[in-house]
Amino acid sequence: MTGISDSFQRPINYLRISVTDRCNLRCVYCMPQEGITLMSHYDILSYEEIFTLVKAAAELGINKVRLTGGEPLVRAGLSDLIRMIDGIDTIDDISLTTNGILLARYAAELKEAGLMRVNVSLDTLKPEKFRQITRCGELQETLKGIEAAGEAGLTPVKINMVVMAGVNDDEIPDFARKTIDDGWNVRFIEQMPVNGEATVSPTLFSVNDMRKRIEPLGKLEPWKIGVGNGPAKYFRLPGATGTIGFITPVTEHFCYQCNRLRLTADGKLRLCLLNEDEIDLKEPLRSGASVAELKTLIENAIAKKPKSHHLTEGINHKGRPFSQVGG
Ligand code: SAM
């Protein structure tokens, strides 16, 4: 099998796996203040179960896997899962999205297990603001994590900044300057409305406006990056060794090139982050479905992948928070 496409001829080769719905932060744009109702441990897939599903997906042509959450590093033994996935011949890219708080502790071990690269979420360079946005985190921990990831060779380390009007938009130039001064690869992300809210967040700051804030630092030259060239458009500032990426889920959706599936921590295959339709794989898996049967379920699900999200038509998804569906 060389690959699978959905009914809109989009090749599907990328699986994002939420390994847990637990998180050690409470970011304002991701989780409600009161937290979320946590899944029971019984409902969360074991590493063996995740491995079986990745094997089935790999046989259909999935060759890229990203581990996310919740916060993936709060789940014990994540390196074991990485080692198992790394043992699947046709998986050639294993990456991780993390808030970086625990990354300094685990970076070397993750690399040794087969993890290739990390994306670290970081929305501010100010300790007090970090505490406000994350509701509890320490900036220094994430900065140490970023450094450790680079030293361990989990490269390219990409920094994901969700820009929010009136919250951290003033720091856009500081993050952009990091691509010159420290060789950071920064991706500026438009804030998506969280589930059930209006289709535009009140603090949405558009990529167009982000670009205006960066203009005084020099002309942005389009740039091609080697790995993980997903929905971001990449650029470089004069004199920079790092890159600047822009991700526009709200003002210019990139659904036409969507190549991804999401596996939730409780074993549901989700075809779109912003659409609540899910296909249960846990129940068949626990009832003894073979890899061949799981492949058929995944194949049928891919055929139902929606063409796009519907934010621009005024429809927002309902249901689960991003932390449960591998945002
Ligand atoms: N805990 C990990 C982390 O912080 O990177 C992984 C899970 S987190 C849900 C994955 C990514 O989703 C992060 O980069 C986060 O910034 C992003 N995210 C969460 N809510 C978002 C929103 N409302 N708009 C845009 N990005 C969001």
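A polar contact is a pair of N or O atoms within 3.5 Å, and this cut-off is needed for the first view of the structure, which is a predicted model.

View 1. The ligand is surrounded by 17 residues, and the closest of them are Tyr29, Gly70, Glu71, Ser121 and Met192.

**View 2. Arg10 is a buried residue in a loop.** The loop that holds Arg10 runs between β1 (4-5) and β2 (11-12). Because its relative accessible area is 5%, Arg10 counts as buried, the limit for that term being under 20%. The side chain of Arg10 reaches the backbone oxygen of Cys255 at 2.8 Å. Leaving aside residues up to four places away in sequence, Arg10 touches Ile4, Ser5, Cys255, Tyr256, Cys258, Lys305, Pro306 and Lys307.

**View 3. The second largest pocket has a volume of about 290 Å³.** This pocket is lined by 20 residues, of which Pro231, Lys233, Phe246, Thr248 and Glu252 are the closest to its centre. Both α7 (207-214) and β10 (233-236) contribute to the lining, each with at least two residues. Sorted by class, the lining of the second largest pocket comprises eight nonpolar, eight polar and four charged residues.

Note on methods:
Residues numbered from 1 in each chain as written. Predicted model: local features only at pLDDT ≥ 70, side-chain atom pairs only at ≥ 80, totals over all residues. Heavy atoms only, no water. Helix = DSSP H or I, 4+ residues; strand = E, 2+ residues; numbered from the N terminus. Buried < 20%, exposed > 50% of the residue type's maximum accessible area, 1.4 Å probe, protein only. Polar contact = N/O pair within 3.5 Å; in protein donor to acceptor, adjacent residues only side chain to side chain. Contact = heavy atoms within 4.5 Å. 1 Å grid on protein atoms, 1.4 Å probe; cavity = no way out; pocket = protein on both sides within 12 Å on 5 of 7 lines; lining within 4 Å. Points joined across faces, edges and corners; volume = space filled by probe spheres on them. Nonpolar A, V, L, I, M, F, W, Y, C, P; charged D, E, K, R; others polar. Near = heavy atom within 4 Å.
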